[in-house]
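Here is a short briefing on one protein model. Please keep the sequence and the 3D view open while reading.

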Amino acid sequence: FFIAAPVFAFLVLGKRPAWFPIGVLLFSLASLFFIFGLEIKRGAASQSVLNKKPSVVESIESQEDGKPLTNFRVATFLTGEILFRGVLSNRIVGPDEIAFFHKELLTNQIGELYGLETMFGFEPFRTLRMNQLLDTVIAPNTTAVFVPEAVRQGGRLDQRSNVDVIRAATIEEKIKDFVSHLPLLSMMNVKYILSAYPLPAAQLHEIQLPASSLPFTMHLYENSLVLPRIYFTEHPVFWSGSERDLLLEVAKTKDFRTKTFIECSCRELPVQSLTQKDSVTIGAYKNGFLDVSVESARGGWLVFSESNLPGWRAKIDNREVPIYTANYLFQSIQVPPGIHYIVFSYLTND
């Protein structure tokens, strides 16, 4: 109506003043902005929805009791599926309500707004290796290097396609697959898991969530076998073979605390290299920077669970040392015996 009325007047009126065309144009533009504003208001959630912390964030903060939330990661399991099955497929949901659901389920990296780092948002950059490893969590033995059909449809020659991803799977199958890869999640520093379904695993301890207005029950678990963000490995396994074979070895490993794959043609340290006196104390940790004080009676390999992207540097007592890739993704350095001050920095964050 706001657009048609001035256009109709412009066409029908026989005698028009000189300013009439400009007036019609301005009125039409104003009408468009008015309609656009109504659409924005109708489709946008109010800021007040995000002002209150999600119940899962409050529960995790209570569990950590003031400790930094940057020392671990959080994973979600089938939260998007339960939202679709339980709500979105049944009725139309308004913007405030859908924003509330996404906030409570920590979808779309929303946890970052509250200081939580999720499994799928390690750093600003996602590497090919990270994508491969996440695919491996689903089906390691069916990751193909070359799929003719994908290439015929425009895919790259070296494109990796996980054929099991498109296979229909029951909830029971998904739960079994997820639980079987808890060692891999532990290596990725996943300490808390928000799940749409109960997870039967001895290493997972359920935390009672406060009552909420979600139309379905959510489960929060603490992973008792999670590895710290930085630690001395008990047994380094030096790898110089193919990436594909390493990927499969990492996928089937059950205990990364006692077995760490380091891509290096180095002299292997003895298994008993660590003692009870070995310690790692974090001084400062923020995006692109970590400084730690370490004490090790015999020295060893220190693993820092940040992606080993180009641009990272490591210094021991202000002396730069090489960084090697650990467990297909992360950083590791060799530390000599004694007390040392170590800094990991990305580019100019010295």
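This is a predicted model: local features need pLDDT of at least 70, side-chain atom pairs count only at pLDDT 80 or more; totals for chains, interfaces and linings use all residues.

Asn189 sits in a loop between α10 and β4. Strand β16 is largely enclosed by the rest of the structure. An open sheet of 5 strands is also described.

**Asn189**

- Asn189 belongs to the loop that links α10 (182-187) with β4 (190-195).
- Its relative accessibility is 0%, so Asn189 counts as buried; the cut-off for buried is under 20%.
- The side chain of Asn189 makes a polar contact of 3.4 Å with the side chain of Ser305.
- Neighbours within four places in sequence aside, Asn189 is in contact with Phe72, Arg73, Val226, Leu227, Pro228, Arg229 and Ser305.

**Helix α5**

- Helix α5 spans residues 79-88.
- Its buried residues are Thr79, Glu81, Ile82, Leu83 and Val87.
- An α-helix has 3.6 residues a turn, so residues three or four places apart point the same way.
- The cover over the buried residues of α5 includes β1 (73-77), α6 (95-105), α9 (171-180) and β4.

**Strand β16 and its partners**

- Strand β12 (residues 300-307) runs antiparallel to β16, joined by 6 bridges.
- In this pairing, Ser307 stands opposite Phe330 of β16.
- Strand β15 (residues 324-326) is also antiparallel to β16, with 3 bridges between them.
- Here Ala326 stands opposite Phe330 of β16.
- β15 and β16 make a hairpin, with 3 residues between the two strands.
- Asn327 lies in the turn of this hairpin and has a positive phi of about 55°.

**The open sheet of 5 strands**

- The strand order is β10-β11-β17-β13-β14, and the pairing is antiparallel.
- The edge positions belong to β10 (279-286) and β14 (319-321); each has a single partner strand, so one side of each is left without a neighbour in the sheet.
- From one strand to the next, the twist averages 25°.
- β10 pairs with strand β11 (residues 289-296) in the antiparallel sense over 7 bridges.
- Within this pair, Val292 of β11 is the bridge partner of Ile282.
- In a regular strand the side chains alternate between the two faces of the sheet.

How values were computed:
Residues are numbered from 1 along each chain as its sequence is written. Side-chain values use heavy atoms; hydrogens and water are left out. Helices (H or I, at least four residues) and strands (E, at least two) are DSSP runs, numbered from the N terminus. Buried means under 20% relative accessible area, exposed over 50%, partly exposed in between (1.4 Å probe, protein chains only). A polar contact is a pair of N or O atoms within 3.5 Å; within protein, one must be able to donate a hydrogen and the other to accept it, and residues adjacent in sequence count only if both atoms are side-chain atoms. Contact means heavy atoms within 4.5 Å. Two strands pair if DSSP finds at least two bridges between them. Axes are lines fitted to C-alpha atoms, for helices over the stretch in contact, and angles run from 0 to 180 degrees between N-to-C directions.
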